[in-house]
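User: Here's a structure I'm trying to get my head around. Could you take a close look at one part of it for me, and then show me how that part sits in the rest?

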Amino acid sequence: RVVRRAPGERSYHIFYQLCSGASPLHRKKLLLRDANYYNYLKQSSCLRIDGVDDAKRFSSLLGALDIVQISGENQMELFSMLAVVLWLGNISFSVIDNENHVEVDSNEGLANAAKLLGCSVPQLVIALSTRKIQAGKENIVQRLTLTQAIDARDALAKSIYAHLFDWIVEQINHSLGTGRQRTRRSISILDIYGFESFNKNGFEQFCINYANERLQQHFNRHLFKLEQEEYLDDGIDWVSVEFVDNTDCLSLFEKKPLGLLSLLDEESTFPKATDLSFANKLKQHLSGNPGFKGEQDGAFKICHYAGEVSYDTTGFLEKNRDPLHTESIQLLFSCKSDLPKDFASVMIAYSQNKSSLSCHLLVDSQKQSVVNKFKAQLFKLMQQLENTSPHFIRCIQPNNKQRPRQFEHDLVLHQLKCCGVFEVVRISRAGYPTRMTHQQFAER
């Protein structure tokens, strides 16, 4: 979402907060302009949210960063990298031959991105417009096509933002770690909106809804299966409460070798594959599955726990590959600023020889696709959740207009049905709404 969004959808709030709330000194140092000046922000024609003061929220953010003891110097580096992302989006390319090869336009975006990164303009140009290919013992420099150059620019912007996010989480965890070491206790909160279904759903909604299927199963297991098993163990005369099990939908995603994720990864490895060929492959292998429906023009439907969602495969393969090439990593290593160097080090941290950017190491680091990384992170999260004593808070959206005191009954009813809340209420009403051990009861 850093580089591409649907019309009417904002990017991450920090970009708008920075553009609106930065002090004159910050603006000068970061070469900042208003949000409507940046291609990455203005593309979706949504720069403001009613009732939200971005400048005021930026001021609150600065206070929060001070509280978690992120130094002024580190804050400046953080904002500098955000400004780099914005300026990268303003870099443009010109086609120079019949084969669609490009050169980078010499403009403000190029100059400012290079200055904030701490690299030279020629270094940034090489990273965004060329690729080294090994032919035998020789390295051949190949110019990129327009599509390849745009992908290289966007991949660099996304990578900087992703590593910046990880870096800030690490800083906050380090700051909070002192308290945890003293008490040896912590409470973790997983905040997730739930299933997404828009007029047009793409790769992002595909991943989000897959995560929600896993989380829904965790919710179902604790509030339906385990609860009812406990009642039966206690010898209560119990009539089982029926609920929708989403195991089949998860199998549709995760089954090997013919699940959605495996088929997406397989198609992503073919250089000549297209989003349409991916859609056709899904139809070919999954048309017999009741939870899947292939549609026209590269679309498909999945019957999720919360209902049917239609996905447009446009951009699926490119987003799943999301390659950051050797040239971009070398560029980050060559920067004078500390953060880009740190990001590059993280990218090849598994390498024994960190001083050498050998080709096979970088190729290996890029083998894992986005859905594979996402799945691995999701399974790690589920493992953490299974080792805890969970409590669930279901937030219900009262209206779609972000307005106070407006209650749309149909919308609320739909959410209650999709979340399985009614079944939970039935179980609690028929069983133990509250619970304590005999020991706790005696003490009280």
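Which side chain does the side chain of His218 make a polar contact with?

Analyst: The partner is Glu386: the two side chains make a polar contact at 3.1 Å. Keep in mind that this is a predicted model, so treat that distance as part of a prediction. His218 sits in helix α9, which covers residues 203–233. Is His218 buried or exposed? Its relative accessibility is 5%, and the cut-off for buried is under 20%, so His218 counts as buried. Glu386 also turns up among the residues that His218 touches, along with Met382, Leu385, Pro390 and Phe392, once you skip anything up to four places away in sequence.

Between domain 2 and domain 3, the contact takes 16 residues from domain 2 and 13 residues from domain 3.

How much area do domain 2 and domain 3 bury between them? It comes to about 1300 Å², with 62% of that on carbon and sulfur atoms. Three residues of domain 2 stand out here: Phe219, Tyr231 and Val241 supply 31% of the area that domain 2 buries against domain 3, more than any other three residues.

What about the inside of the protein? In soluble globular proteins, nonpolar side chains tend to be buried together. In this model, the largest nonpolar core has 61 residues, and the ones with the most contacts inside it are Leu88, Ile91, Leu117, Leu124, Leu156 and Ile160. Take Ile160: leaving aside neighbours within four places in sequence, Ile160 is in contact with Met81, Val84, Val85, Leu88, Leu117, Leu332 and Phe343. There's also a second, separate core of 29 residues, and Leu215, Val309, Tyr311 and Phe316 are among its members.

For the whole chain, picture 20 helices and seven strands, with C-alpha atoms filling a box of roughly 75 × 55 × 50 Å along the principal axes. Buried residues make up 40% of the 444 residues. If you look at contacts with a separation of 6 or more, 65% of them join residues 24 or more positions apart.

Lys256 and Pro257 are joined by a cis peptide bond, with omega at about 0°; Pro257 is in the loop between α10 (247–254) and α11 (260–268). Then there's Asn100, which isn't a glycine but has a positive phi, near 70°. You'll find Asn100 in the loop between β1 (93–95) and β2 (102–104), partly exposed with a relative accessible area of 33%. Asp297 is another non-glycine with a positive phi, about 55°, and its place is the loop between β5 (292–294) and β6 (299–304). With a relative accessible area of 73%, Asp297 is exposed, whereas His218, back where we started, is buried at 5%.

Technical notes:
Residues are numbered from 1 along each chain as its sequence is written. This is a predicted model: local features need pLDDT of at least 70, side-chain atom pairs count only at pLDDT 80 or more; totals for chains, interfaces and linings use all residues. Side-chain values use heavy atoms; hydrogens and water are left out. A nonpolar core is a set of buried Ala, Val, Leu, Ile, Met, Phe, Trp, Tyr and Cys residues joined through side-chain atoms within 4.5 Å. Buried means under 20% relative accessible area, exposed over 50%, partly exposed in between (1.4 Å probe, protein chains only). Contact means heavy atoms within 4.5 Å. Helices (H or I, at least four residues) and strands (E, at least two) are DSSP runs, numbered from the N terminus. A polar contact is a pair of N or O atoms within 3.5 Å; within protein, one must be able to donate a hydrogen and the other to accept it, and residues adjacent in sequence count only if both atoms are side-chain atoms. Buried area is the accessible area (1.4 Å probe) that two parts lose on being put together, summed over both.
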